[in-house]
Amino acid sequence: MLEKIMSYKKYGYLLAVLIVFQCCAKKEVISDLEFRKQILAGSGTYQNLERSWRLDSTYVNGAPVALTAYQRSFVKTFVHDGIYKDSELNNGTWELSALNTLRQKITYSTTSKIDSCSFEIILINTAQLKLKLNNATVKTEYLFKIAN
């Protein structure tokens with residue numbers, strides 16, 4: 001009987017030590033901006049280096065626009081290190097300059113023209129990305145869904 005009690009005490013001490021290690025383990029807290037970057041483009045860790053987003057719908061001044069099959073196949077890919085590429089072979093860079101502001105610098109593959117644009121992030125989660133083009137004349141919104 002005494003051996004059982006000693007055995008339980010031994011396991012109790014071991015459990016207490018494990019709990020202390022778990023509680024004292026360093027937990028890394030990231031900022032809201034870094035969290036948004038990770039949702040947009042991956043965390044930068046093994047097999048999580050980029051995210052691709054497929055165009056699902058577009059709205060101009062609040063009205064839905066009928067997209068062609070080709071337009072619905074358009075994919076934007078954001079790489080964790082700030083590289084941008086898309087399904088039309090355009091490339092460039094991206095940055096989140098603020099929590100809801102996505103800036104892109106794009107080099108178009110057909111003309112080599114360099115352009116920059118700014119989007120307001122209306123919604124972002126692990127499945128959807130909704131962007132509003134920051135343009136004073138026409139209110140254009142794009143809804144992307146995560147591409148498989």
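I began at L129 and listed its contacts, leaving out residues up to four places away in sequence: L40, W53, F78, I121, L123, I124, Y142, L143 and F144. I am working with a predicted model, so I note that every entry here rests on one.

Next I asked which residues of the largest nonpolar core touch the most other members. L129 turned up again, together with L40, F78, W94 and L102, in a core of 19 residues. I then looked up where this core draws two or more residues from, and found α2 (32-41), β1, β5 (91-98), β6, β7 and β8. A friendly reminder to myself: in soluble globular proteins, nonpolar side chains tend to be buried together.

I stepped back to the whole protein. I counted 3 helices and 9 strands, and from the N terminus I read them in the order α-α-β-β-α-β-β-β-β-β-β-β. Of the 148 residues, 26% are buried. I also checked contacts with a separation of 6 or more, and 36% of them join residues 24 or more positions apart.

Then I turned to open space. What volume does the largest pocket have? I found about 470 Å³. Its lining has 23 residues, and F74, K76, D86, E88 and Y142 are the closest to its centre. Among the elements giving two or more residues to that lining, I noted α3 (69-72), β4 (83-86) and β9 (140-146). By class, I read off 14 nonpolar, 6 polar and 3 charged lining residues.

How values were computed. Residues numbered from 1 in each chain as written. Predicted model: local features only at pLDDT ≥ 70, side-chain atom pairs only at ≥ 80, totals over all residues. Heavy atoms only, no water. Helix = DSSP H or I, 4+ residues; strand = E, 2+ residues; numbered from the N terminus. Buried < 20%, exposed > 50% of the residue type's maximum accessible area, 1.4 Å probe, protein only. Contact = heavy atoms within 4.5 Å. 1 Å grid on protein atoms, 1.4 Å probe; cavity = no way out; pocket = protein on both sides within 12 Å on 5 of 7 lines; lining within 4 Å. Points joined across faces, edges and corners; volume = space filled by probe spheres on them. Nonpolar A, V, L, I, M, F, W, Y, C, P; charged D, E, K, R; others polar. Core = buried A, V, L, I, M, F, W, Y, C linked by side-chain atoms within 4.5 Å.
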